[in-house]
Amino acid sequence: MVEYVMAPEPPASVAVVGERARFPVRRIFCVGRNYAAHAREMGQDPDREPPFFFTKPASALVAGDAEIPYPPETAQFHFEAELVVAIGTEAIACPVDQARDCVYGVAIGNDLTRRDLQSRAKDKGQPWDWGKGFDHSAVCGPIHPLATVGPLTHGRIELRLNGEIKQQGDLSELIWSIDEVISIISHSMALRPGDLIYTGTPAGVGAMQVGDLIQITVEGLGVIEHRIVAPDPRFRTAD
Ligand code: MN
């Protein structure tokens, strides 16, 4: 029995539809630019270049119905509606046609972004962590076990800000499909049970303010709804 000098924090976890038990989260992978229209709005050529990835710490995870504090040090706090894939079994160098076998389920997510910090990092060739992997930056709704939702090769994905549609797309528009993304990651790292993959966002990303209500729907998965609340006052210091 391992002893620790302090109590370890419990693992991050996500609710599972129809289960009392929760899905324990290990790592969070995110695909950059995986819808052509969003690649274009970010000033990139949407051709099928190899996908690229970044990660968020599991500690960044928050529930789909959480109240999310406006984060420090940003004036461009952006939403990115995404389909999230939850890995259930190990996958190493997995062929595309077997990728589905390692999926536990899918969920609706929001890849929250401090766009100004991300843009600055891009310009300077610096890592994206400060723009992408901050506290409360990985919103994930309840996971729907794959058997209950079918293949999800198409279906509407939509984000509303205070009731107004801001992002609209279809899962069929993914440049790299769910199966391809799993296969590609698994050729570089061992995917393990508990890993989450955020599969990219459609066009229309934009900024949020304190008080804003975000609603994201994915056809077949229902809706998640979260609100942006006042910043944590402990980040306000007198220097
Ligand atoms: Mn994203």
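On a 1 Å grid over the protein atoms alone, a cavity is a set of points where a 1.4 Å probe fits but cannot get out, and lining residues have an atom within 4 Å of a point. Grid points are joined across faces, edges and corners, and a volume is the space filled by probe spheres set on the points. The model is predicted: local features need pLDDT of at least 70, side-chain atom pairs count only at pLDDT 80 or more, and totals for chains, interfaces and linings use all residues. Residues are numbered from 1 along each chain as its sequence is written, and side-chain values use heavy atoms, with hydrogens and water left out.

**Cavity**

- One cavity of 30 Å³ or more is counted, and the volume of the largest cavity is about 100 Å³.
- Its lining comprises 17 residues, with G32, R33, H38, E80 and Q118 nearest the centre.
- The lining divides into seven charged residues, five polar and five nonpolar; Asp, Glu, Lys and Arg count as charged, Ala, Val, Leu, Ile, Met, Phe, Trp, Tyr, Cys and Pro as nonpolar, and the others, Gly among them, as polar.
- Helix α2 (residues 115–124) gives the most to this lining, with three residues; helices (H or I, at least four residues) and strands (E, at least two) are DSSP runs, numbered from the N terminus.

**Manganese site**

- E80 (OE), E82 (OE) and D111 (OD) coordinate the manganese ion at 2.0 to 2.1 Å, where donors are N, O and S atoms within 2.8 Å of the metal (3.2 Å for Na, K and Ca) and the site may look incomplete, since water is not among the atoms.
- The sequence spacing of these donor residues is E-x1-E-x28-D.
- E82 belongs to strand β8 (residues 81–87) and D111 to strand β9 (residues 103–111), so this pair ties together parts that are 29 residues apart in sequence.
- E82 counts as buried because its relative accessibility is 0%; buried means under 20% relative accessible area, exposed over 50%, and partly exposed in between (1.4 Å probe, protein chains only).
- D111 likewise counts as buried, at 0% relative accessibility.

**Strand β17 and its partners**

- Strand β17 (residues 213–218) has five of its six residues buried, so it is largely enclosed by the rest of the structure.
- Strand β13 (residues 156–161) runs antiparallel to β17 and is joined to it by five bridges; two strands pair if DSSP finds at least two bridges between them.
- In this pairing, L161 stands opposite I214.
- Strand β18 (residues 222–229) pairs with β17 in the antiparallel sense over six bridges, and R227 in β18 stands opposite L213.
- β17 and β18 form a hairpin with three residues between them, and G220 in the turn has a positive phi of about 95 degrees.

Key:
1 Å grid on protein atoms, 1.4 Å probe; cavity = no way out; pocket = protein on both sides within 12 Å on 5 of 7 lines; lining within 4 Å.
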